[in-house]
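Please look over the two chains shown below before reading on.

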Amino acid sequence: MELPAYYEFCCRVKTISGHDVLEKIPEILGGLGARLPLIITDKGVLEAGLIDVVTSVMKDRVPCLRISGGSVESDVPPDSDLTVVNRLAGVYREKGCDAIIAVGGGSVLDTAKGVNIVVSENATDLMAFTGTGALKRPLKPLIAIPTTSGTGSEVTLVAVIADHEKRRKMFFTSYFLLPDVALLDSRMTLSLPPAITAATAMGALSHSVEAYTCLAKNPLSDAFARSAMELMRDNLFNVMDQPDDKGGRLSLAVAANLSGVAFSNAMAGMVHTLGHSVGAVCRVPHGTCMAILLPYGLEYNLHKNAQFTSELLLPLGGEQIFARTPKHHRAEKVISVIRDWNERLFHLTKNKHARCFKEVTDPEGNAMVPRDKLKDIALKAMGDGSIFYNPEELDVDDAMMVLIHAWEGTPLNRDLIRKG
Amino acid sequence: MVEPENNTFLSPVKINAGTKALAHVPFELAAMGAERPLLITTKVLGKKRVIPRVIDGLRNSGMPLGIYDDVGDHARLETVLRLAELFQNGGFDAIIALGSGSVMHTAKILNLAVTEKTHDLVPFTAKGDRTIGRLKPYMAIPASSGDGYETTSMAFVEDLAFSSLMLMPGVVMVDPEVFAPEDPLKAISGAMSALTHAVEGFVGPAKNPFVDAYAYTAIQMIVHHLADAMGGGRGWKAARFAVAAAETMAGCAFSNVKPGLTHLLAWAVGQKATCSHGLCMGILLPYVLDHLSTLNDFFVESLLLPMAGPETFAITAGEFRTGKVLTLIQELQYALYESTQKMLPMTLEDVGIKKDQLKPMAALLADCTSSDVYGEGCLMILERALTGDPIDLN
C-alpha cells in the first residue's frame, strides 16, 4: 500500500454517542471539575425545544446544578460575531460559570470557542489570539452538542469569529480549541426537517469524499471517511423514509462526526472551494452547496484521482455493486451513485433538495443563485484556502465552467478541463 | 457496517508520522504549552548510532532539554520517584519518552507522579479509589519494538497496574530515522501484539466505527509491511516505520475496548511460557479467530477487507471470507518463520508448554475474567495451539 511520506492525524475529542447520552452531562461536568455551565445556543435550537431536553436532564440528575445558577444564552447569530462573544463572556464571568456547553451548529460552536478564549485567557482583545500557536494552555471545559448531522465542527480545531464593526474575520487555530467532549444524542436531530436532513447529510458526505480523494489524505483519515460513507449509505434513505428512526438518526450523527474528523485531518478540495464561495456570495446553506458540487468535483479531478474515487464504490455502493462494476468504470459509477442520491433526495423532499444551483430557492421561493453571480463566485473562490488541496489546479475559467454546469445541472464535458 | 449504539471513544493521541517527523518536536511541544521537556530513554538505546543523533537534533533545535538515560529494561517505582524529584527540581514542564516498553511505562507514571505531586501512587492504580485527571504534556517517540502497551491507556510499574485514557501520550512522533535493526523476534513480538489488539478491536464484540477506523488502518499496515520490516532489504526503513505507526494506532484502538480473548489467553500462557506475551498472542491468534467465527457478535470475516483489500474482499463469497482470513494470517506467520531462519515459535510446545499445564491455564483465565462469552472454547484453543493443529479452512 502507498503511504504519504509524512502525515499527521489527531482526533482528540472524547465522543459519546447514544440515545440518552445527554443524561451523562452532570457526570461529565463533574469529571471536568465544573459545576456551573454556560449554555450557548441559537434561536432556532431554542425554539425547537432542544435546550429543554438538555436542561431537564441536568436538573433532574443533579439538584445543585440548577440551570438558573448557570445561564442559557440563545442570541448567537448565523454568523458568529465578536460583540456577541464579548457579551457572552461577560455573562459567563458575572454568573461565575466554570464551563461552556455549546448546543447547535457551526456558528454556535465558533462562538463558544471565542467565549472560551476570552474567559480562559482574560482577554480583552481577541485579535492577540488569532493564527496558529497563540494559545499556550488548556482552556475552560467545553462540551459540544451538535444539533445537525453535517458540519462535524464539534471535532475541528478552528474557530472563525466575525468582527462586523471592523469588517474583518478572525481565524483561530489550536488544539486547545477542541471541545473536551462531543455528545451525539439521537434526540438532538430527531426533528430535523427532511430537506435539512438531506442537505446536511450530503454536506457530511462531501467532507468524507473530498478527504478521501484530495491531496492531503492519510491512511487514518481514509478509514474515518470510509466508515462515515458506509453509515450514510445504510442510513440516509431509511431516515428519509422514517424520520423518527432513532438508530438511523444516531448513525447519521456519528457519520457526520467521522466525516468531520476525516476532513479536519485531510482537508478538502474544490467542492469546498466553490461551495464556500457560493455560500458567501449568495447565502446558500453549506450542505446544499456541497450536495450540488460534489459530483462535479469528482468529475473535474477524475483524470488525476480516478483510483481513489473508484475505491469509494465499495463504501458508497456496497459489495454487490462494487464487485459487479468493472474496475475502470468504478469511478464513474461513484459519480452516478452520488447524482442518484441527489435525485432521490430531490423527490423525497418534494423538490426542496436542489440538484443544481438554478433550483435553489429561499423559504419564500425566490431563486437564490442568479446566473449572473457565477462570475463573482468563481473570482471569490480563487482566494479560498481549500484550493491548494485539489488534485487538479483550478483556475478561474475552469471554476466558471464547473459553476455553469452545476447551475444548469448538466454533466461536465471532461475534454474541456485544462489538465496540468 | 455495525450501527453505533451507546458508545464512548477517546484517543487523545496526535500522531505525526513520516520523514523528518522529529523536526516538528519543538512545534508540537509549544502547541501543548510546554517549554522545558525532560527526555527519558535507556542506555541500551543510547548505544545505537541513531539515538544520540536524534537527541543531538532535539538539543540543536534550541529547546532546553533535560536527559535521563538510565530507565532500564523494566519500569521501576524507584526510577519513577527519582525522576519525579529530578523533574520538579529541574523545573521541567513536559515529558518525552524515547524508546519502548519500560520507558513508556515509566513516563506515564512519572507524569502521574509529577502532576499529582505525590509519592503515593497506589490509590491511582486500577484497584485504587482515585481517578486520574488531566496530566502534563507527554510526548512519545517509539524507537524500538516493545510490549504493545506503548501508546495505550495502560501502564505497569513493578506490580502496580494503572489504566486511564489520561495516561496516553498527547503526541506520538513516528520517524523512520529513529529505527535501527533489532532482534527479529523482538520486532515480531511487538508487531504481533499490535496486530492482535487491532484484530480483536475490529472483530468485536464491542465494535464501533471509531475503534474500527484505527484498527482497520493498523491491520492493513501491519499485514502489508511486517514481512518487509523484518527483511532488512531496500525498503526496510519505510516498512519498519509503517509498522511503528500501526503499533501506535493499534494502541489507540486497544485503549477503547476490553482486552480480547487472544490477549487474555496469551497472558495466561505467558505465566509459564519461555517467550514474550506478543509471541504467545501470535501463536494463539488464528485458533482464537477460528473459534470466534463460530460465535455470534464477532465479525471475523470482516477482517478480509483490511487484510486483503477491496478487490479480494468483494469477489470472495461471504462464507469463504473467514477461511481466507485465517489463511492470510497463517501465511504471514509462515513468512516470518522463514525470515527468522525458523527461530519463530509457531506452537505452544515451541515455547515450553506441556499438555498438563493447559487445564490450569484455562482455569486461571476463568477465575480472572468473566469468560462466559468464550466458555469451553478456551481449553480447546490451547490444545490446538499446543501442537499447531491444522485449521480446516472450509
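A residue is called buried when its relative accessible area is under 20%, exposed when it is over 50%, and partly exposed in between, as found with a 1.4 Å probe on protein chains only. This is a predicted model, in which local features need pLDDT of at least 70 and side-chain atom pairs count only at pLDDT 80 or more, while totals for chains, interfaces and linings use all residues. Residues are numbered from 1 along each chain as its sequence is written, chains are lettered from A and ligands numbered from 1 in the order in which they are written, and side-chain values use heavy atoms, with hydrogens and water left out.

**The interface**

- Chain A brings 47 residues into contact with 47 residues of chain B, contact being heavy atoms within 4.5 Å.
- Between them the two chains bury about 4,100 Å², with 58% of it on carbon and sulfur atoms; buried area is the accessible area (1.4 Å probe) lost by two parts on being put together, summed over both.
- The rule finds five salt bridges across this interface, a salt bridge being a side-chain nitrogen of Lys or Arg within 4 Å of a carboxyl oxygen of Asp or Glu.
- Glu319(A) and Arg321(B) form a salt bridge in which the closest N and O atoms are 3.0 Å apart.
- On the side of chain A that touches chain B, the elements giving two or more residues are β1 (6-18), α8 (219-241), α9 (246-266) and α13 (319-324) of chain A, where helices (H or I, at least four residues) and strands (E, at least two) are DSSP runs numbered from the N terminus.
- β1(A) gives the most to that side, with 13 residues.

**Strand β1 of chain A**

- β1(A) and β1 (residues 7-18) of chain B run antiparallel and are joined by nine bridges, and two strands pair if DSSP finds at least two bridges between them.
- Tyr7(A) has Ala17(B), in β1(B), as its bridge partner.
- Ser17(A), which also belongs to strand β1 of chain A, is buried, with a relative accessible area of 0%.
- The C-alpha atoms of Ser17(A) and Leu183(A) are separated by 6.0 Å, although these residues are 166 apart along the chain.

**Backbone details**

- Most residues other than glycine have a negative phi, and most peptide bonds are trans.
- Lys20(B), in the loop between β1 and α1 (25-31) of chain B, has a positive phi near 60° and is exposed, with a relative accessible area of 60%.
- Lys350(A) has a positive phi of about 55° and is exposed, its relative accessible area being 70%.
- Gly204(B) and Pro205(B) are joined by a cis peptide bond with omega about 15°.
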